[in-house]
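Okay, thanks for making time, everyone. Let me put the sequence and the structure up, and then I'll walk you through it.

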Amino acid sequence: YAPNSKASVTRLFEIAEKAKEYSYSPYSNFRVGAALLCENGKVYTGTNVENASFGATVCAERVALVKAVSEGCKTFTKIAISADKNPCSPCGICRQSLIEFSPEMQVIYMSQDGCLVNVNLKDLLLNNFVL
Ligand code: THU
């Protein structure tokens, strides 16, 4: 995996698309996949995991984040998100969760017309909560 090449953005998105196939989303029927690139080059995937108690649902992005942090990876350069409907920009809880670790990371998702959008996380969430 070549983390900084142009092709790698497309590749990271493809990994997110693949992760989406594992989605557990019987309540919304809305599948989401995420691929989180760590500074050490490792990629952690995630998918949304829903629950009959709706509030217990976890988004794809936070599944990937929790997998990475729990294995010692705490600095991220990119996250790609693939969903059943475009655009799927990360929700507010996921923005807050990610920004704590890497405000400069790039967020990649597909626009409505099928182009990959690449935005800086700190531009998606201004003045995040800090304790
Ligand atoms: N979802 C994600 O996984 N990531 C997002 O960025 C937005 C929403 C999930 C949560 C729920 O399973 C489904 O999409 C519909 O909200």
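So, leaving aside its neighbours within four places in sequence, which residues is Ala19 in contact with? Before I answer, the ground rules: this is a predicted model, where local features need pLDDT of at least 70, side-chain atom pairs count only at pLDDT 80 or more, and totals for chains, interfaces and linings use all residues. Residues are numbered from 1 along each chain as its sequence is written, and side-chain values use heavy atoms, with hydrogens and water left out.

Back to Ala19. With those sequence neighbours set aside, Ala19 is in contact with Gly33, Ala34, Thr45, Gly46 and Thr47, where contact means heavy atoms within 4.5 Å. Ala19 lies in helix α1; helices here are DSSP runs of H or I with at least four residues, strands are E runs of at least two, and both are numbered from the N terminus. Ala19 counts as buried because its relative accessibility is 5%. For that label, buried means under 20% relative accessible area, exposed means over 50%, and partly exposed is in between, with a 1.4 Å probe and protein chains only.

Now on to Ala68's own helix. Is α2 enclosed or open? Helix α2, residues 60–69, is largely enclosed by the rest of the structure, because 7 of its 10 residues are buried. The buried ones are Ala60, Glu61, Arg62, Val63, Ala64, Leu65 and Ala68. And what covers them? The cover includes β1, β2 (43–47), β3 (76–83) and α3.

Glu71 counts as exposed because its relative accessibility is 55%. Its C-alpha atom is 10.0 Å from that of Tyr44, 27 residues away along the chain.

Next, the loop between α1 (6–20) and β1 (32–38). Ser23 sits there, and Ser23 is buried because its relative accessible area is 16%. Its side chain makes a polar contact of 2.7 Å with the side chain of Asn48. By polar contact I mean a pair of N or O atoms within 3.5 Å; within protein, one must be able to donate a hydrogen and the other to accept it, and residues adjacent in sequence count only if both atoms are side-chain atoms. Not counting residues up to four places away in sequence, Ser23 touches Phe30, Arg31, Val32, Thr47 and Asn48.

Tyr27 is in that loop between α1 and β1 too, but Tyr27 counts as partly exposed because its relative accessibility is 42%.

Okay, charges. Side chains of opposite charge can pair when their charged atoms come close. How many salt bridges does a search of the whole structure find? It finds 5, taking a salt bridge as a side-chain nitrogen of Lys or Arg within 4 Å of a carboxyl oxygen of Asp or Glu.

One of them is Glu14 with Arg11, with the closest N and O atoms 3.6 Å apart. Both lie in helix α1, 3 residues apart, which is about one turn of the helix.

Another pairs Asp84 with Arg31, at 2.9 Å between the closest N and O atoms. This pair links distant parts of the chain: Asp84 is in the loop between β3 and α3, Arg31 is in the loop between α1 and β1, and they are 53 residues apart. Asp84 counts as partly exposed because its relative accessibility is 35%, and Arg31 counts as partly exposed because its value is 33%.

Then there's Lys122 with Glu104, where the closest N and O atoms are 3.3 Å apart. That pair also links distant parts of the chain, with Lys122 in helix α4 (residues 121–124) and Glu104 in the loop between α3 and β4 (106–110), 18 residues apart. And salt bridges that share partners join Lys20, Arg31 and Asp84 into one network.

Last stop, Arg95, in helix α3, residues 92–99. What does its side chain pair with in a polar contact? The side chain of Ser89, at 2.9 Å. Setting aside residues up to four places away in sequence, Arg95 touches Ser89, Pro90, Leu121, Leu124 and Leu125.

That's my tour, so over to you.
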